[in-house]
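We will go step by step, and each stop says what to pick.

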Amino acid sequence: MYTILVQASNNRASYYAFPQSGPMDFKSYKMANLVVGNPVQSPALECTGTAPTIRFNTQATLAVSGADMQWTINGKTIPMHTSIHCKKDDILSGKNTIYGFRSYIAIRGNSLESMVSKHAVYPTPIKPKEILSWQDSETSHPHVSLHPITIKKTISFLAGPEYSFLDLNSQSVFSTEEYEITSKSNRIGARLDGPILRATKQLVTSRPIIPGIIQLPPDGKPIVCLQDCQTTGGYPRIGFITREQLDYFNQIPHRQKVMFKHID
Amino acid sequence: MESRSLLLGNVIVEVKNFKDEFVLLTSDSNPRELRQIGRSLFEAQLDAIKDVVVSEMEICIIPELGIGFDTLLLSIGTIELDKVSVTNTLFLPVCFDLGRDWKTLEEQSNMTRQSIIGLLSQSEFELSHLGFMPGFLYLTGMPESLHCERLSTPRTLVESGTVAIGGKYLGVYGLQSPGGWHSIGATPVKTYYSQTLPSYHPGSIIKIVSISLETFELLKAKDLYIHEYHG
């Protein structure tokens with residue numbers, strides 16, 4: 001189980017080398033918040049791969065979006081993307097994901113927080129028995145949404161600043177062959193495995209990197225920089241995935257294959 | 001990819017647009033001027049800009065969603081470079097007795113520990129960029145004779161406060177992390193700011209003050225940030 005508290009922020013902290021961080025699938029995160037009537041950028045739980053089990057010590061209004069983890073309350077299946085009321089002592093749970101990779105749980109109210117991970121640089125996984133608190137707000141107006149996520153097997157990418165460092169064969173290989181998102185991937189980066197790519201040059205100084213940039217380390221296996229990536233890196237930036245496409249990419253489970261399609 | 005030239009102050013900047021997802025700024029002039037532009041862009045807090053990253057030779061701007069290249073260029077053109085306050089100078093106390101890799105460094109540079117410390121204390125360093133982790137400082141200005149290869153196998157854990165040499169840089173670890181640089185000492189002051197904006201920025205001048213183990217312990221107990229230490 002890997003569940004963390006996420007929040008999209010506007011704090012411009014990359015200048016001081018803080019990772020952008022925030023939700024891996026912004027669209028689903030935003031939807032969960034909208035459905036319960038929260039401001040779009042409210043804190044929410046991001047669950048990766050497997051659902052957590054959460055007991056509510058008080059009544060709550062919540063919504064689940066993103067990956068389908070066969071969500072239940074007290075063992076009964078619940079619909080996703082819908083505002084749901086639960087009572088004191090209700091148990092929200094689920095199983096392994098059957099569609100997608102990351103689910104979002106938004107709880108109506110505004111300051112969902114965990115005292116444990118409050119001051120961490122990187123999001124820290126919620127631990128068993130950890131208590132989360134929030135302030136319910138009665139005044140919010142929930143939206144209704146019935147749009148589940150779509151899983152894509154092909155992700156579009158654009159040429160990065162050092163795309164021309166790739167030899168011609170590698171340029172064509174990267175947009176025609178399959179790559180596996182290995183289990184060594186995390187929120188910092190997706191490590192890909194597939195045909196080796198060759199760069200004819202290396203960078204002399206490190207350059208800015210942002211989530212979505214595809215870097216090529218000397219071993220020839222590309223890495224897609226993700227939400228918690230550092231702000232500079234020394235490997236050629238051969239391509240990049242747009243913010244919109246990155247939401248799709250981050251819903252592909254580890255150990256699955258993906259194709260990259262070069263677009264202009 | 002669209003590319004434009006822009007005159008900012010008296011610096012010609014090459015601006016490359018990557019599908020409105022990010023924009024890169026480079027310049028053939030002195031990297032210090034690029035750092036100054038980076039700082040102005042950050043401090044101006046422009047509505048069109050979501051984030052700014054300043055690396056040694058390149059600035060990356062992440063525009064807000066939906067901001068087109070032309071609007072962004074107009075917005076960048078409004079920054080006032082002369083409004084930026086002068087570059088600040090900070091003092092970094094370093095206890096060289098706490099270095100772990102003196103032996104390798106003496107061998108690689110063919111110099112004694114004493115003469116290396118002497119050289120470092122006389123040098124003026126510039127914070128060239130940030131980036132590995134928050135609180136980690138990349139300092140340039142180290143004499144070429146001290147440039148050295150990184151460790152062949154990185155350490156899984158480097159203590160916060162470690163001062164180390166990697167390639168042409170002197171580095172300060174603000175947080176505990178893995179690391180592949182040669183440790184030459186430790187600083188008792190904090191460079192990682194969790195609650196406030198750091199006192200440094202790319203372009204800040206950093207001067208090293210060599211301190212004894214006793215002073216190290218005394219300063220450590222005071223729990224100071226780098227800007228609270230005045231040499």
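**Stop one: the interface**

Show chain A and chain B together: about 3,300 Å² is buried between them, with carbon and sulfur atoms giving 60% of that area (buried area is the accessible area, 1.4 Å probe, that two parts lose on being put together, summed over both). On the chain A side, select A:Arg12, A:Tyr15 and A:Arg243, which lose the most area to chain B and together make up 29% of what that side buries. This is a predicted model, where local features need pLDDT of at least 70 and side-chain atom pairs count only at pLDDT 80 or more, while totals for chains, interfaces and linings use all residues. Residues are numbered from 1 along each chain as its sequence is written, chains are lettered from A in the order in which they are written, and side-chain values use heavy atoms, leaving out hydrogens and water.

Next, select the contact residues (heavy atoms within 4.5 Å): 31 come from chain A and 44 from chain B.

**Stop two: a salt bridge**

Zoom to A:Arg207 and B:Glu58, whose side chains meet in a salt bridge at 3.0 Å, N to O (the rule asks for a side-chain nitrogen of Lys or Arg within 4 Å of a carboxyl oxygen of Asp or Glu). Across this interface the rule finds 3 salt bridges.

**Stop three: a helix in chain B**

Now select α4 of chain B, residues 113-122 (helices are DSSP runs of H or I, at least four residues). Which residues of this helix are buried? They are B:Ile116, B:Ile117 and B:Leu120 (buried means under 20% relative accessible area, exposed over 50%, 1.4 Å probe, protein chains only). Look down the axis of α4(B): the buried residues fall within an arc of 100°, so they line one face of the helix (the arc is taken from the directions from the helix axis to the C-beta atoms). On the other side, B:Gln114 and B:Gln122 are exposed.

Key:
Helices (H or I, at least four residues) and strands (E, at least two) are DSSP runs, numbered from the N terminus.
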